[in-house]
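This report was prepared on request for a reader who works with computed coordinates. The structure in question is shown first, and the discussion comes after it.

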Amino acid sequence: MKKWSALLLTMAVLLVLSACSGGNGGSATQSPNGDSGSKGSGDAGKQVTLRVLHWINEPVNKYMEDVFIPQFEEKYTNVKIDYTTVPSDSTYDQLMQTRINANDADIVAYKSSFVGAPQEWSPGAADPLWKQWADAGLLADLTEEDFIANYNPVDVENAMTYDGKVYGVNMGKVSFTGLFYNKDIFAQYNLDVPTTWDEFMVVLNTLKDNGVTPIGFAGKEVWPINLAVQGLQATIHEDQLAYIKGLWTGETKFTDPAAIEVLEKAQIMMNYAQNGFMGTDYGTLPSLFAAGQVAMAADGTWNAATYQGLNPDLNFGYFPIPGSSNAAVNGKLAGKYDMTWMVVEKSSNKDWALTFLEEMSSRDNYTAFVNAAGFLPTQDVTVDSEFINEIMPYLGEFILAWDQLAINRENVGQYADGSSPHAEFLKPAGPLESPQELADLSQKDWDAAAQ
């Protein structure tokens with residue numbers, strides 16, 4: 001018996017030593033589940049570099065690089081995150097296209113949500129990139145992932161779902177149809193937040209008469225001007241989607257009274273902007289507002305953290321641009337679902353990519369993320385931001401802005417290209433004198449593209 005006991009003891013010791021060595025020299029490893037072993041790959045000891053693409057967005061990048069990524073790498077010790085950021089213009093679109101097609105990324109952040117797919121009333125319209133990727137089988141189907149249940153079902157349906165499947169994780173919503181305003185400047189001149197266009201004109205003229213530049217625009221990249229134009233569209237058009245559909249069916253025109261009114265009021269707003277606003281780049285606008293050089297700034301809510309960071313003592317708020325004379329329709333902010341994370345289907349690190357999204361989606365991490373990013377949450381969490389909590393009454397049921405609803409014709413000319421009227425062609429920004437002239441040229445471009 002002693003001989004058998006000694007043999008069994010020796011075997012047990014060998015088994016324990018074998019288990020401890022793990023067959024890989026004893027290095028510490030983690031699996032995509034955070035356990036020892038591996039989720040499906042059978043290579044628990046493998047060192048992994050997870051390739052993540054994102055555009056330059058200071059608050060988001062700072063949170064990812066200073067908080068989430070170090071935290072993730074500390075928990076999963078055999079994983080390193082290669083977090084690549086590039087400018088948010090066409091540079092990023094091209095990078096996404098190239099690296100997804102080449103299977104040279106594991107996780108890609110899309111700049112909006114899954115909107116813009118052609119409808120039955122928009123024959124010949126081009127598929128957006130996300131739809132092309134989903135149709136080609138390049139995006140992982142996340143429908144059955146448990147972390148999807150962390151998000152609000154309505155937001156999952158509106159922002160992340162295509163053809164009955166969930167292909168992304170939307171990290172939050174933003175609004176850009178309003179204006180930041182300096183509360184101290186408003187108080188100095190006894191100004192209230194305007195609720196109608198007439199009240200807005202009183203604000204603009206009071207500021208101008210007292211030597212204060214009323215509005216800051218970042219015209220150099222053009223698109224920031226369109227934020228304000230979309231604010232006008234959201235309140236002047238009774239039904240934006242019906243108007244867009246009507247352009248395709250011929251029931252509405254770029255020259256309709258409501259469309260002309262949008263251009264007229266955009267031109268008026270530009271006349272109250274800082275000198276040389278077409279030379280102001282988007283990165284400079286926050287410094288103008290934070291320094292009190294302009295009383296209002298046409299920008300998206302995502303930049304609130306930037307303003308606060310530039311001047312912690314800045315006393316500011318945000319209100320919808322009151323394009324209408326009817327206060328009842330001016331009280332809502334519109335916007336878009338912002339950043340949507342997608343997993344590349346053929347990624348060699350797909351399990352780790354899913355773990356990355358699972359960690360991002362945990363209640364604590366998601367709450368920290370939206371607080372850092374300044375997003376309106378797509379999970380049922382409470383945010384710390386006084387700024388966001390203050391504008392919540394303007395949000396109510398989330399309304400998509402014009403550029404999220406618009407579907408354009410292919411190869412349309414410059415005056416109707418893109419997803420919003422091109423106020424930059426109007427004086428004082430551009431060469432055209434009148435809104436009617438721009439509207440006529442836009443309709444001409446639109447009709448030509450239908451030929």
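The following paragraphs treat a sheet, salt bridges, a pocket and some backbone details in turn.

The model described here is predicted. In it, three strands form an open sheet in the order E7-E12-E14, and their pairing is mixed. The edges are formed by strand E7, residues 173-175, and strand E14, residues 399-400, each of which pairs on one side only.

E7 and E12 run antiparallel and are joined by three bridges. Within this pair, valine 174 stands opposite lysine 336 of E12. Strand E12, which spans residues 334-337, pairs with E14 in the parallel sense, over two bridges. Here alanine 334 stands opposite isoleucine 399 of E14, and glycine 335 stands opposite leucine 400 of E14.

Methionine 392 lies in the loop between helix H16 (386-391) and E14. Its C-alpha atom is separated by 9.3 Å from that of leucine 333, although the two residues are 59 residues apart along the chain. Is methionine 392 buried, partly exposed or exposed? Its relative accessibility is 40%, so methionine 392 counts as partly exposed, since that class lies between the limits of 20% and 50%.

**Salt bridges**

Side chains of opposite charge can pair when their charged atoms come close. With a cut-off of 4 Å between side-chain nitrogen and carboxyl oxygen, the count comes to 14 salt bridges.

| Side chains in the pair | N to O distance |
|---|---|
| Lysine 111 and aspartate 93 | 3.3 Å |
| Lysine 350 and glutamate 345 | 3.0 Å |
| Glutamate 433 and lysine 427 | 2.5 Å |

Aspartate 93 counts as partly exposed because its relative accessibility is 28%.

In the pair of lysine 350 and glutamate 345, both partners can be classed in this way. Lysine 350 has a relative accessibility of 25% and therefore counts as partly exposed. Glutamate 345 is also partly exposed, with a relative accessible area of 28%. Elsewhere, salt bridges that share partners join Arg51, Arg99, Asp104 and Asp106 into one network.

**The second largest pocket**

The second largest pocket holds about 1200 Å³ of space. Its lining comprises 50 residues, and those that lie nearest the centre are Glu397, Phe398, Ile399, Leu400 and Leu405. Two of these names return from the sheet: isoleucine 399 in E14 stands opposite alanine 334, and leucine 400 in E14 stands opposite glycine 335.

Which helix gives the most to the lining of this pocket? Helix H5, residues 153-160, does so, with four residues. By class, the lining of the second largest pocket consists of 27 nonpolar, 14 polar and nine charged residues.

**Backbone details**

Most residues other than glycine have a negative phi, and most peptide bonds are trans. Against that background, a few positions deserve mention.

Lysine 427 and proline 428 are joined by a cis peptide bond, with omega of about 10°. Proline 428 is placed in the loop between helix H17 (402-405) and helix H18 (435-449). The side chain of lysine 427 also takes part in the salt bridge with glutamate 433.

The loop between H17 and H18 contains asparagine 411 as well. Phi of asparagine 411 is positive, near 60°, in a residue other than glycine. Asparagine 411 counts as exposed because its relative accessibility is 77%.

Asparagine 190 has a positive phi of about 55°, although asparagine 190 is not a glycine. Asparagine 190 sits in the loop between helix H6 (183-188) and helix H7 (197-209). With a relative accessibility of 70%, asparagine 190 therefore counts as exposed.

Terms used
Residues are numbered from 1 along each chain as its sequence is written. This is a predicted model: local features need pLDDT of at least 70, side-chain atom pairs count only at pLDDT 80 or more; totals for chains, interfaces and linings use all residues. Side-chain values use heavy atoms; hydrogens and water are left out. Two strands pair if DSSP finds at least two bridges between them. Buried means under 20% relative accessible area, exposed over 50%, partly exposed in between (1.4 Å probe, protein chains only). On a 1 Å grid over the protein atoms alone, a cavity is a set of points where a 1.4 Å probe fits but cannot get out, and a pocket is an open set with protein on both sides within 12 Å along at least five of seven lines; lining residues have an atom within 4 Å of a point. Grid points are joined across faces, edges and corners, and a volume is the space filled by probe spheres set on the points. Ala, Val, Leu, Ile, Met, Phe, Trp, Tyr, Cys and Pro count as nonpolar, Asp, Glu, Lys and Arg as charged, and the others, Gly among them, as polar.
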